[in-house]
Amino acid sequence: MIRILAMVALGFIMHAANEFLPDGTPGSAGAITLACGYLLLTAFLAGSLFKQIGLPKLTGYLAAGIVVGPEVLALVQTEVLGTLKIFNGVAVSLIALTAGIEMHFGSMRPLLRSIGWITAIAVLGTTLLLTAAVFASQGLLPFMAGLSFTQAAAVSLVLGVTLVAQSPAVVVALRDETDAEGPLISTVMGTVVIADMVVIVMFAAASAIAQNATGGGADVMETLGTLAWELFGSIGIGLVVGVLIAAYMRSNAGSSALFVAAVSFVVAEVGQRVHLDPLLVMLAAGILIRNATRAADTLHHGIEAAALPVYVAFFAVAGATIHLGAIVTMAIPALIVIAVRSSGLVLGSRVAARMAGAPEVVKRYSGFGLLPQAGLALALGLIFARTFPQFGAQASALIFGVVALNELLAPIAFRIALIRSGEAGKRHAPPVVASEAAQPADPPPAPPASDPEPGPVA
Amino acid sequence: MSWRQTRAPRWGWCLLAATAVLALALVLGGRAHADQGLADGGSQPTLLESTAPVPSPSLPTNPLLTDSAAEQMKAPHSEDTSVSAAPIERDYAVRAIIGLVAIFVLAYAVGHPKVQRIEDMLGISSVVATGFVFLLVGLLASRPSVGVLSPQMLVHIEPMLPLGLGWIGFSLGARFDLRALESLPPGTSARLFATTALPFAAVVVACGLPLLIVSGFAKAEFLRDAILLGAAAMVGVRPRSGGAEAPSATPAPDTGDARAVDPVAVIHQLQEVSAILALVLVAAFFRPDSLGWQLPAIAWVFVTLGMGTTLAVIVYAVLSAFRSPNEVTLLMLGSICLSAGLASHLYMSPIAVCFIAGALIFNLPATWRRGVSEALMRIERPIYLVFLVIAGARWQPGAWQGWALMLLFVAARLGSRGLGMHLVRRGDDALDQEHHSRLALAPVSALAIAIVVDAHSRLYLGQVGSWIITTVIGGAIATEIIVQLAVRGRGGEPPITEVGSHPGLANANVWETAPPEERTSPESSPGEPSAKPTEGKR
């Protein structure tokens with residue numbers, strides 16, 4: 001009750017603040033600070049409410065962003081959101097660093113086979129399925145009218161690649177929220193990270209093909225060169241960043257949160273300007289820290305404090321910038337795409353895991369971890385819109401609609417999968433006795449993830 | 001021992017791998033990237049934008065921008081596409097990296113125990129040693145010739161300014177103990193008058209006259225500026241008091257136990273309250289014309305009080321529902337952002353509103369106070385340092401008028417404090433000679449700088465505003481030098497000033513011994529100041 005009352009009170013305060021200046025008055029630094037504080041508090045309170053009803057916290061963050069954003073209550077204005085998107089870069093960097101820290105090659109070696117097969121069959125296979133689905137749905141997509149067969153196929157391929165993109169951010173957030181540990185979450189995290197890189201490469205290639213097909217005239221060598229810089233340059237600089245972070249940790253572990261947040265900010269801001277991918281940079285840094293230093297656990301503990309506000313702000317801003325209108329205008333094609341995508345990823349993962357001889361939980365539930373979408377798909381959609389100005393805006397509406405629905409619904413499905421798999425709550429659980437460690441064919445349902453908050457019910 | 005088992009070869013291999021990959025990337029992609037930039041004359045969308053693109057900041061309507069800064073902002077958007085955007089971006093990236101690395105190396109260095117020991121040995125207050133350094137960093141980084149903190153970058157990080165101001169205010173409020181007002185040590189009124197009212201009046205008169213000559217009587221702006229300088233003159237850096245110097249205890253009326261209130265700490269807290277009250281009045285009576293709601297000036301005082309109270313109630317209610325350190329940190333960050341942003345947006349003082357909120361929250365009964373204190377202390381220093389950098393970036397020390405005002409400011413402040421304490425010392429047995437001297441020769445507090453930055457950032461803008469910032473910053477340095485010379489000249493020890501250089505929770509509160517309900521063992525020594533605000537039943 002307290003939380004609901006607090007959210008209502010905060011909403012009234014925000015409304016009063018918005019009434020202070022006439023419409024159209026440029027936002028000040030104070031307005032941005034105000035919006036940031038309001039989003040943090042409201043999203044956090046909403047997340048805790050959602051958790052109490054069994055839904056993921058991050059769905060609460062997203063829902064709060066949607067409700068207070070420009071498309072519903074308009075308590076947070078569009079202009080202010082543009083500035084708050086600075087959190088995106090820091091959040092992605094922190095998430096990538098966290099994901100990289102989790103990737104211990106030694107313990108992941110048994111899972112590499114599963115990861116490889118799932119990426120090959122589920123991700124690549126679903127890409128082809130989505131391409132076919134978009135191509136077959138031409139009649140429902142106004143922006144594809146007038147395209148020749150070759151052009152339609154090429155554009156469908158680009159859209160198929162864009163729509164298959166997953167979200168390491170959501171996977172990491174749900175892993176932290178449910179305290180999950182085990183082969184399922186490790187396989188899913190490894191898969192989404194590697195699939196991200198595969199999707200990026202495929203997008204570059206498909207985009208070049210589509211540009212040539214539509215008369216854009218892309219230079220293949222130039223594209224390859226740029227891509228090589230963005231991939232290998234990001235990894236190389238990421239390794240250097242990892243060395244720097246580890247060196248800092250050796251002498252000053254106490255203030256690692258601030259240092260890492262600052263490094264994430266620098267990487268995000270500067271990386272964009274020199275065409276590096278902050279996600280790859282920090283991922284490489286995290287992998288190096290985990291596999292070549294002893295600072296990984298200390299660092300992970302240190303960045304937890306800095307990570308929570310960044311995550312909350314990231315998902316709240318993401319929610320506030322969701323294009324609800326796109327869901328309405330592209331409802332039917334979006335639902336078709338979601339159905340094809342979900343089926344492809346879930347079934348493809350099942351087949352791939354069976355072929356790889358993965359544990360039962362991986363066979364049954366890994367596909368659900370590939371369902372969430374967020375930043376990468378949106379970014380690719382924006383690039384698509386800019387690369388193909390003649391129809392990009394309309395096509396990106398389809399992408400945004402699909403991503404919006406997946407952002408809201410997929411985390412719920414994955415959270416349920418983590419709980420049912422029995423991996424939720426295992427991360428900080430007492431060690432299991434060896435005789436009990438054998439994996440049953442059908443693991444019994446696990447109890448809900450432990451609630452760290454002993455506070456009163458709202 | 002194989003290479004896998006040694007750390008040094010592992011580091012070497014990592015560096016080698018990184019270098020090789022980077023070289024490969026440069027060979028394959030760098031040339032194509034540069035050619036692409038030259039051909040297009042603009043930055044192409046990256047293929048790997050896994051974040052949404054950062055929007056181009058619109059030219060801010062900030063009159064603080066000098067002409068040169070405005071020109072620098074216009075240059076990247078030039079119509080001349082023969083100038084490639086790619087080298088400009090790389091140049092910016094290199095500068096930004098160098099600048100930010102320098103800032104963090106500096107932050108690490110000034111926080112190092114060895115540096116702090118040198119500060120203590122020299123008796124330099126951290127206001128100068130730490131605060132001024134970061135102000136200087138911000139000033140240099142924003143110069144067009146350096147270009148690390150370009151106007152575009154400042155637009156992005158400017159929201160940190162209200163946050164920093166609000167954090168300072170909240171921290172001050174958090175350590176303000178209302179119970180200390182119940183049993184003020186004898187002689188407090190006289191000391192307060194000597195160290196607060198007298199310096200305020202002296203500085204207002206001394207600086208007000210030249211400001212009147214410059215600004216004229218129109219809109220009474222000279223009075224506004226003089227009051228701000230007077231408010232800055234009231235607060236001083238609090239010396240670190242040790243247990244051996246504790247004055248005599250005063251029996252507590254209800255428990256009968258001996259409870260001692262540090263009279264120096266009480267004076268400093270009342271000085272801070274007085275300065276913030278002055279800030280509230282300036283914000284209410286000297287608001288920018290025709291902006292937002294049109295209310296009588298006195299109504300804005302009540303709006304300030306009401307806003308602080310409302311926010312305190314909401315935050316207090318929310319804090320009671322969460323326990324984990326990370327969640328409390330987030331709640332504090334969000335609450336202070338909300339409070340400071342709201343105040344700044346409504347052209348009120350973030351320091352004042354957050355002070356009220358902090359004072360109310362920490363003076364209400366609660367069991368979570370220690371956790372909240374720890375959360376505040378965890379991130380107050382980086383926020384404060386970033387605030388200093390931004391304040392330095394906005395500082396324009398070139399005008400001689402500011403430095404001339406500084407002379408009057410320092411003379412009036414020190415002269416009036418010295419005279420006042422001299423008059424008060426007769427018959428004042430509660431403090432010894434050393435404390436009297438330190439109250440008279442107190443260096444300028446970081447709150448003084450925050451007050452003028454607060455006023456300059458939102459309440460009003462103008463040429464005189466930058467003079468005032470110069471006056472207070474220069475006054476802090478000059479006062480520090482004078483205090484050092486005066487104390488050493490008398491053969492005394494340099495004063496050891498407050499930890500952390502800013503009015504934060506790291507400083508002791510007014511109690512020399514813990515209140516009865518906080519004592520855990522009979523061996524707790526009297527006279528040891530507690531490091532955090534007290535909690536528990538009040």
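Student: Are A:Phe20 and B:Trp300 buried or exposed?

Tutor: Burial is judged by relative accessible area: buried means under 20%, exposed over 50%, and partly exposed in between, with a 1.4 Å probe and protein chains only. In this case A:Phe20 is buried, and B:Trp300 is buried as well. The model is predicted: local features need pLDDT of at least 70, side-chain atom pairs count only at pLDDT 80 or more, and totals for chains, interfaces and linings use all residues. Residues are numbered from 1 along each chain as its sequence is written, chains are lettered from A and ligands numbered from 1 in the order in which they are written, and side-chain values use heavy atoms, with hydrogens and water left out.

Student: How many aromatic pairs does the structure hold over all chains?

Tutor: Rings of Phe, Tyr and Trp (its six-membered ring) pair if their centres lie within 6.5 Å; planes under 30 degrees apart count as stacked, over 60 as edge-to-face and the rest as tilted. By this criterion there are 10 aromatic pairs over all chains. One of them, between A:Phe20 and B:Trp300, is edge-to-face, with 6.3 Å centre to centre and 90 degrees between the planes. A:Phe20 lies in the loop between helix 1 (2–18) and helix 2 (29–52) of chain A, and B:Trp300 in helix 11 (residues 297–319) of chain B, so this pair joins two chains. Helices here (H or I, at least four residues) and strands (E, at least two) are DSSP runs, numbered from the N terminus.

Student: Which other residues belong to the aromatic cluster of A:Phe20 and B:Trp300?

Tutor: The cluster also includes B:Trp293 and B:Tyr347. B:Trp293 and B:Trp300 form a stacked pair, 6.3 Å centre to centre and 15 degrees between the planes. B:Trp293 counts as partly exposed because its relative accessibility is 31%, whereas B:Trp300 is buried at 1%.

Student: Where does the charged end of B:Arg287 sit?

Tutor: A charge sits over a ring if NZ of Lys or CZ of Arg is within 6 Å of the ring centre and within 35 degrees of the ring normal. Here the charged end of B:Arg287 sits over the ring of B:Trp300, 3.6 Å from its centre.

Student: Why is helix 16 of chain A described as largely enclosed by the rest of the structure?

Tutor: One counts its buried residues. In helix 16 (residues 360–369) of chain A, 7 of the 10 residues are buried, so the helix is largely enclosed by the rest of the structure. Among the buried residues are A:Val361, A:Lys363 and A:Tyr365. Their cover includes helix 6 (105–136), helix 9 (183–213) and helix 18 (392–421) of chain A.

Student: Which residues have a positive phi although they are not glycines?

Tutor: A:Ala74 is one of them, with a phi of about 60 degrees. A:Ala74 lies in the loop between helix 3 (57–68) and helix 4 (78–84) of chain A and is partly exposed at 28% relative accessibility. Another is A:Asp179, with a phi of about 55 degrees. A:Asp179 is found in the loop between helix 8 and helix 9 of chain A and is buried, with a relative accessible area of 18%.

Student: What do the totals for chain B show about its helices, strands and buried residues?

Tutor: Chain B has 18 helices and 2 strands. Of its 538 residues, 54% are buried.

How values were computed. Contact = heavy atoms within 4.5 Å.
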